[in-house]
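Dear colleague,

I am handing over the structure below, and my notes on a sheet and on a pair of helices follow it. Please read them alongside the coordinates.

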Amino acid sequence: MGNEVDQIKERVGVVELIGEYLKLDKAGSNFKGLCPFHNEKTPSFMVNPDRNFWYCFGCQKGGDIFSFVQEIEGIDFPDALKRLADKAGVELPKYEAEATKGERFENRRALEILELATKVFEHFLKNHPKSGPIRDYLSRRKLTPELLEKFRVGYAPDGWRTILEFLLKKGFSLGEIVATGLVVGKNQNVQSSQDVYDRFRDRIVFPIIDISGRVVGFSARVAPGGDEKSAKYINTPQTKVYDKSSVLYGLNQAKTGIRKKDFAIVVEGNVDVISSHLTDSNNVVAVSGTALTQKQVSLIKRYSENVKLCFDMDEAGQRATRKSIQICLQAGMEVEVILLNQKGAKDVSDLVCESSEDWNKAVSGAIPVMEYFFSSSLSCHDPDDVKDKKNIAKELLSVIKDIADPIEQGYWIKKLSLTIGVEEEVLTGILEKVRLKDIKAPKHESSDESFGQKPNKSRLQILEERFLGLFSLYSEQLHAKAKEMECEKFGDEVAEIWKDLIDGDSSRHENKLNQFSASIKFRYDEKQGFVENDIDFLSEWETILVEIKKERKKMKMRKIGLDIKKAQQEGDAEAVEILLEEFNKQME
């Protein structure tokens with residue numbers, strides 16, 4: 001694996017990569033910018049192209065291209081490795097079974113087709129003879145050319161095979177094009193191009209971009225003056241590269257804003273997302289006409305545990321709000337509800353067009369979710385009426401049951417008890433019955449949080465545990481190399497386990513070692529279940545040792561960084577100079 005890592009680093013420069021996420025300015029031999037991991041007004045984020053290294057003097061985070069992607073995308077090292085390998089065009093034999101290589105090739109071709117189609121749609125919006133009214137409509141919605149370019153909005157002209165014929169001329173096969181969802185088959189037996197036609201015709205096209213910046217699908221709105229009898233919006237169907245339950249529209253553009261503001265705003269429509277960028281709201285994402293899913297909430301949770309929901313006020317919007325709240329609460333998210341003002345605006349885009357100030361006020365005045373439900377229920381029912389008491393309890397307990405924190409849950413049970421005059425014990429009993437009913441009910445959507453959920457550990461802890469797990473699996477083969485290790489450099493708990501492993505008496509650590517080694521020996525595949533990994537233990541051993549050494553060095557650099565910041569605050573220029581010299585030595 002070390003060889004592939006080096007290849008990736010050679011092909012993906014740290015300045016090039018980080019420059020895709022934030023604005024960097026030249027500062028001598030380095031580059032500087034505002035740190036994406038904490039709020040700051042003066043840039044303290046440094047990128048050194050010579051050493052392929054980044055570091056923030058403000059929050060003391062730093063590392064290489066892999067650690068940056070891990071940190072900003074909220075993913076672990078294997079996922080960062082795969083993502084950067086794709087970017088660099090480097091194959092990872094250890095992570096690719098022979099059976100998946102063909103699948104990866106098919107996915108790559110699909111992504112190439114979708115990217116090319118996006119460029120064609122963008123070109124048509126700017127240059128097609130019939131796109132003038134579309135541009136006028138978007139302009140009336142205050143969607144500027146800069147915003148349209150940022151979100152890569154396009155136009156699909158009114159032709160049965162416009163995009164199909166273009167892609168065929170570019171050398172893509174009919175089967176490859178069909179697999180992207182860009183065309184629709186007249187029947188299941190597709191033999192030639194005459195058996196299919198373009199899915200998107202005479203529509204404004206909104207590319208759906210994943211968090212890696214890749215176009216994976218499209219959402220298309222009927223053009224003004226177009227066929228109003230057809231569906232207002234149509235979307236790419238489920239494909240190998242597009243799973244609507246796993247993607248949020250606008251997240252690629254919003255993830256930095258979500259992290260910095262520490263909350264995400266979830267709306268219903270694509271235009272709502274784009275319009276919000278006319279204001280200070282650069283942390284807005286949209287669902288595809290449905291409620292949030294567990295996978296989407298997990299995506300948001302990478303960047304913040306706070307979410308504000310703003311769905312349309314019609315019946316479908318309210319259903320989506322309730323379902324989304326349930327999913328968010330079960331995931332331990334802090335939830336608020338944004339209520340649009342009463343000036344006739346039916347959605348975010350309307351409100352922003354009418355008054356961006358009113359939209360900003362609506363965001364800042366978001367109501368905590370339980371206050372929203374209490375207010376809603378009490379506006380419809382009389383808490384002094386016996387029948388209404390039952391309805392209030394039923395409505396509110398159905399929400400309270402999903403609150404993950406038991407203290408917060410207890411607080412709202414108490415408030416409900418005081419509101420309707422029913423003892424807490426009675427309400428708690430009802431709550432338990434509701435829970436049991438939920439447990440017995442069939443689950444239609446599996447939780448992507450349940451498997452492989454990791455505790456909040458430092459990277460050094462994870463590396464050390466992996467080191468112990470690897471040695472426990474291959475102790476005979478690695479015993480000679482183990483003698484070279486310096487036990488005292490480990491933390492107390494790891495040092496103790498390591499000493500017992502070397503002495504051949506690790507039985508009291510059996511459970512922990514089994515846990516550490518299982519993550520090395522097996523991987524989980526959705527189709528095959530647990531699959532045993534093919535491990536090059538010598539290469540893995542060397543890689544882990546190198547990474548542990550790097551992590552210890554980073555910890556030392558963090559300490560120096562803190563000392564530099566303290567010296568700067570105290571105005572001790574001499575100490576700053578000495579510490580910077582020590583910092584630069586550590587980077588060598």
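The model contains an open sheet of 5 strands, ordered β1-β2-β3-β4-β5 with antiparallel pairing; strands are DSSP runs of E of at least two residues and helices are runs of H or I of at least four, both numbered from the N terminus, and two strands pair if DSSP finds at least two bridges between them. The edge strands, each pairing on one side only, are β1 (25-27) and β5 (62-63). Between β1 and the antiparallel strand β2 (residues 30-33) there are 3 bridges, and K26 stands opposite F31 in β2.

This is a predicted model, in which local features need pLDDT of at least 70 and side-chain atom pairs count only at pLDDT 80 or more, while totals for chains, interfaces and linings use all residues. Residues are numbered from 1 along each chain as its sequence is written, and side-chain values use heavy atoms, with hydrogens and water left out.

Turning to the helices, the axes of α13 (residues 315-330) and α16 (residues 369-380) come within 12 Å and cross at roughly 140° (axes are lines fitted to C-alpha atoms, for helices over the stretch in contact, with angles from 0 to 180 degrees between N-to-C directions). The contact (heavy atoms within 4.5 Å) is made by Q318, R322, I325 and L329 of α13 together with V369, Y372, F373 and S376 of α16.

Best regards
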